[in-house]
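Please read the points below beside the model.

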Amino acid sequence: MPARALARVPEIDEAPSDAGRLRLAVAAFLRREDGREKPSGEWRASVWYPDPAERRPCCDSIEVSPKNRQALYDHCCTRAHIAALYDVGPNDLRQAIREERPTPATIARQQSPSRGTAVEALFESSRKAQEMARQEVTREAERRSFPWFKSCLVGSTRERRRLSSRPSRRRSLNLAAFSWPSSLP
């Protein structure tokens with residue numbers, strides 16, 4: 001286990017238990033995922049290399065090239081590397097991260113005490129989002145002067161007829177101006 005990880009948690013004097021290592025691994029992963037923590041290492045000749053304390057056997061499979069200079073840095077932020085770094089199982093770490101990270105369903109359950117109100121809140125927010133999107137599309141159609149689009153969005157039949165009764169831009173045959181011959185042979 002890296003000494004750096006132990007230095008961050010002052011209450012731990014000796015090697016932590018499995019649960020303690022798992023807790024430290026979850027915290028480290030979430031910090032690296034958010035960008036609040038960076039893996040220890042250095043840039044040499046425009047390529048990032050991990051420190052010896054950070055390097056694990058999983059890092060050996062990463063090939064660094066001029067086109068992929070940050071490959072080891074990205075790898076050192078992965079779940080597999082952090083599991084190896086803290087000597088915990090990758091599946092245990094994945095499960096602990098899932099439990100730690102709040103999901104939308106968890107947030108909805110925490111915000112409302114009963115299931116019915118959570119569903120109602122979700123429905124209401126969905127309805128509001130649809131209405132806002134409809135208004136935005138309508139404004140854009142009006143700005144670009146698409147009257148046919150406006151007629152598609154209008155709910156009442158009377159309004160659709162009113163909008164469709166406007167003269168069209170197509171030339172139509174004017175029968176009043178056409179004269180029939182007075183005598184047919």
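The numbered points below cover the basis of the model, its elements, its contacts and a few backbone angles.

1. Basis. This is a predicted model, in which local features need pLDDT of at least 70 and side-chain atom pairs count only at pLDDT 80 or more, while totals for chains, interfaces and linings use all residues. Residues are numbered from 1 along each chain as its sequence is written, and side-chain values use heavy atoms, with hydrogens and water left out.

2. Elements. The protein has nine helices and two strands. Helices (H or I, at least four residues) and strands (E, at least two) are DSSP runs, numbered from the N terminus. Read from the N terminus, the order is α-α-β-β-α-α-α-α-α-α-α.

3. Of the 185 residues in the protein, 24% are buried. Buried stands for under 20% relative accessible area, exposed for over 50%, and partly exposed for what lies in between (1.4 Å probe, protein chains only). Among contacts (heavy atoms within 4.5 Å) with a separation of 6 or more, 48% come from residues 24 or more positions apart.

4. Helix 2 against helix 5. The axes of these two helices come within 10 Å and cross at roughly 65°. Axes here are lines fitted to C-alpha atoms, for helices over the stretch in contact, and angles run from 0 to 180 degrees between N-to-C directions. Helix 2 and helix 5 are therefore roughly perpendicular to each other; the classes are roughly parallel under 35 degrees, roughly antiparallel over 145, roughly perpendicular from 65 to 115, and oblique for the rest. The crossing of helix 2 and helix 5 is right-handed, a term used if the near helix is turned clockwise from the far one by less than a right angle, with left-handed for anticlockwise. Helix 2 contributes Leu 22, Ala 25, Val 26, Phe 29 and Leu 30 to the contact, and helix 5 contributes Asp 92, Leu 93, Ala 96, Ile 97 and Glu 100.

5. Arg 98. This residue lies in helix 5 and is exposed, with a relative accessible area of 52%. From C-alpha to C-alpha, Arg 98 and Val 26 are 9.6 Å apart in space, and they are 72 residues apart in sequence.

6. Salt bridge between Arg 101 and Glu 33. What is the distance between the closest N and O atoms of Arg 101 and Glu 33? The closest N and O atoms of this salt bridge are 2.8 Å apart; the criterion is a side-chain nitrogen of Lys or Arg within 4 Å of a carboxyl oxygen of Asp or Glu. Arg 101 sits in the loop between helix 5 (90-100) and helix 6 (104-111), and Glu 33 in helix 2 (residues 18-34), so the pair ties together parts that are 68 residues apart in sequence.

7. Other salt bridges. The structure holds nine salt bridges. Arg 36 and Asp 34 form one of them, at 3.1 Å from N to O, and both residues are exposed. Another joins the side chains of Arg 44 and Glu 42 at 3.2 Å, N to O. Arg 44 is partly exposed, with a relative accessible area of 42%, and Glu 42 is partly exposed at 41%. Salt bridges with shared partners also join Arg 31, Arg 32, Glu 37 and Glu 54 into one network.

8. Gly 41 has Pro 50 of strand 2 as its bridge partner, and Arg 44 has Val 47. The two strands form a hairpin with two residues between them, and Ala 45 in the turn has a positive phi of about 55°.

9. Positive phi elsewhere. Most residues other than glycine have a negative phi. Ser 46, in the loop between strand 1 and strand 2, has a positive phi of about 65° although it is not a glycine. Ser 46 is partly exposed, with a relative accessible area of 44%. Asp 87, in the loop between helix 4 (79-85) and helix 5, has a positive phi near 55° and is likewise not a glycine. Asp 87 is exposed, at 57% relative accessible area.

Note on methods:
Two strands pair if DSSP finds at least two bridges between them.
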